[in-house]
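Me: I'm new to this structure and would like a close look at a single part of it. Could you walk me through that part and then what surrounds the wider picture?

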Amino acid sequence: MHIIENGNVAAALGVLLCRVNVIAAYPITPQTPLTERLSEYVESGEMQAEYIPVESEHSALAVCIAASSAGARTFTATSANGLLYMHEQVQWAAGARLPIVMCVVNRAVGAPWNVWNDQQDSISQRDTGWIQMYCSDHQQIIDAVIKAYWLAEKVSIPIMVCYDGYILSHTYMPFDVPDQEKVDAFLSPFRPDYALNPDQPANLNTVTLPDVRMDVRGELAHGYMEIRYLLQEEMRTSLTVAAEAEKRFADIFGRGGDPYIEPYLCADAQYIAVGLGSLTYQLRVSVDVLRKEGIKVGVMGVRFYRPFPDEALAEALKGKKGVIVFEKALSYGYEGALVSDLKSALYDHLAGTGVMPMVQNIILGIGGRDIRTEDLTQALRAAAKSRVSRQPVWIGLKL
Amino acid sequence: MRDHKKLKAFELTDEKDFIEIRWHGRGGQGAITAAKIVASAAFVSGYLGVVMAPTFGTERRGAPVMTSLKISRRKIYDLSPIEKPDIIVVLDHLLLAEADVTCGLKPGGIIVLNTPKAFESYNFKDYRLATADITAISVEAGLPHGMVNAGIIGTLARATNLLGMDILIQGIEEEFRTRNPEKNSLAAKIAFERTVARG
């Protein structure tokens, strides 16, 4: 059934349809309406779940970690400084291999205080061992939440479903709400290999020595390094599992596509804009304008940021004249995180082949600075003419 | 003497398949709800692209607020704020003096205005104007004073011919199903009848 609602409601409906058992969250703009909606579902009995109000984001994720360890399907959501306050537990959830799903409603981080959209919050959590998915519209938000539970539980890795604050969270548009029966067919109840149980006591994630050693049962147990190596290996494997999730989803719901990237007019393009989230949809309008001018451009949204789909990106970008990476976040002191990752992927897969594109980086929309489509078009037009700078170019700056 | 002459129909044709409406109200006046009702009615009427984006961050009761509504035959990919609206809807005539409500309005664009003042007291030379005293009409329909967001939809419908009044009325009664649905739809119906428009 199609409804017109905002992005936070799309996320909440996804959580409802996934029959989540435990929700713990602390309100923060622009995530607040999402958790409010979930608390209403629980209060009205529409959703059979425990909603645990907490005093901070750190506690919200701590509750999810405990509940997930006990075998519950769990959900939390946050933004900006809330995510940063959660950071210690973010790392813990990944190390503990718990399939928690968290929506990150992207917002600029303080200081100075700012409640508007950019993506510095989730990008700053890139190296925590969480899978990161980025959404460009409400359909992708609700679908991503459903896919995320399947994937997270399959690979035992937590997932952040990221979507732009306000631009998506508070904007209304039509989207399809899948039928409960179909979601149930796609997603079975969560049945972990081990769940905390008083009848079978266990120690989880206690001090783990640098080297391997015998455990209490006399079996050789992994050291810290083996456990972390497996996280890396299984993060990489989860790229394949994500493709399986996408296919399963498409079979049942009749929509979906490339699990990693979302290309628009890229096949014959000479220049390709790359980005994360709603910005890549806005760029389609610029691409349409420039195509009419005879400039062969396309745009590609990166739907999966971690694990990084390096091979898919290199394959899609090989032989192009230029790649222009638009980012609403950066690694201070260098450049946008996505452009660094992308250049690394291109070097790995294309170095010495003679089909390596030039790469440029554009920083924009920081702290909710308006992103005018005309400015995007102009930036893309200029970038397609010549490489503007080796440094990231800021657009919309008023200095 | 009321002039009931209808404005030139503002149809969505192949040339004009993208309509941008900017709503101006005060925090708590329900501009977002009104825009949402129109958005749903447009979608039901076959416009696949419907995007309603409130401006964010400074909402408080009584302060000027804005929301953007884009309506298109095709999916809308650009969620950025409207810069050049085809239509502006003003829920409180005092906003004309407080905020630059006509900013970017296309020449020949339509202003839909809730005002107790006479139609003749306004002079927007480049724009077409439609007015009604929605505040009084809503009270007449039995609503509490200040509830104008259903009524203004009647004036918008009369001024623009954009969407069928029957679908809008359905949308109003659905949105207000727990809060005086009949009184709200009655306000829209009266406003539709009493809208003064020239263009």
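Where in chain A does Leu196(A) lie?

Reply: Leu196(A) sits in the loop between helix 8 (180–186) and strand 9 (213–214) of chain A; helices (H or I, at least four residues) and strands (E, at least two) are DSSP runs numbered from the N terminus. This is a predicted model, where local features need pLDDT of at least 70 and side-chain atom pairs pLDDT 80 or more, while totals for chains, interfaces and linings use all residues. Residues are numbered from 1 along each chain as written, chains are lettered from A and ligands numbered from 1 in written order, and side-chain values use heavy atoms, without hydrogens or water.

Leu196(A) is partly exposed, at 39% relative accessible area (buried is under 20%, exposed over 50%, partly exposed in between, with a 1.4 Å probe and protein chains only). Together with Tyr194(A) and Leu204(A), Leu196(A) makes a nonpolar surface patch with about 240 Å² of accessible area (residues with over 30% relative accessible area and no salt bridge, nonpolar side chains joined within 5 Å and like charges within 9 Å; areas by Shrake-Rupley, 1.4 Å probe, only the protein chains shown counting as cover).

Elsewhere, charged pairs come into view: the whole structure holds 33 salt bridges over all chains (a Lys or Arg side-chain nitrogen within 4 Å of an Asp or Glu carboxyl oxygen). One of them joins Arg236(A) to Asp310(A), with the closest N and O atoms 2.6 Å apart. Arg236(A) belongs to helix 9 (residues 224–253) and Asp310(A) to helix 11 (residues 310–317) of chain A, so this pair ties together parts 74 residues apart in sequence. Arg236(A) is partly exposed at 34%, whereas Asp310(A) is buried at 15%.

Arg381(A) and Glu293(A) form another salt bridge, at 2.7 Å between the closest N and O atoms. Arg381(A) is in helix 13 (residues 373–385) and Glu293(A) in the loop between helix 10 (279–292) and strand 13 (297–302) of chain A, so here the linked parts are 88 residues apart in sequence. Glu293(A) is partly exposed, with 41% relative accessibility.

Now for where the chains meet. Here 21 residues of chain A are in contact with 20 of chain B (heavy atoms within 4.5 Å). Three salt bridges cross this interface. Lys75(B) forms a salt bridge with Asp137(A), the closest N and O atoms being 2.7 Å apart. A network of salt bridges also links Glu5(A), Lys36(B), Glu175(B) and Arg179(B). Within chain B, Arg179(B) and Glu175(B) pair at 3.9 Å, N to O; Arg179(B) is partly exposed at 43% relative accessibility, and Glu175(B) is partly exposed at 22%.
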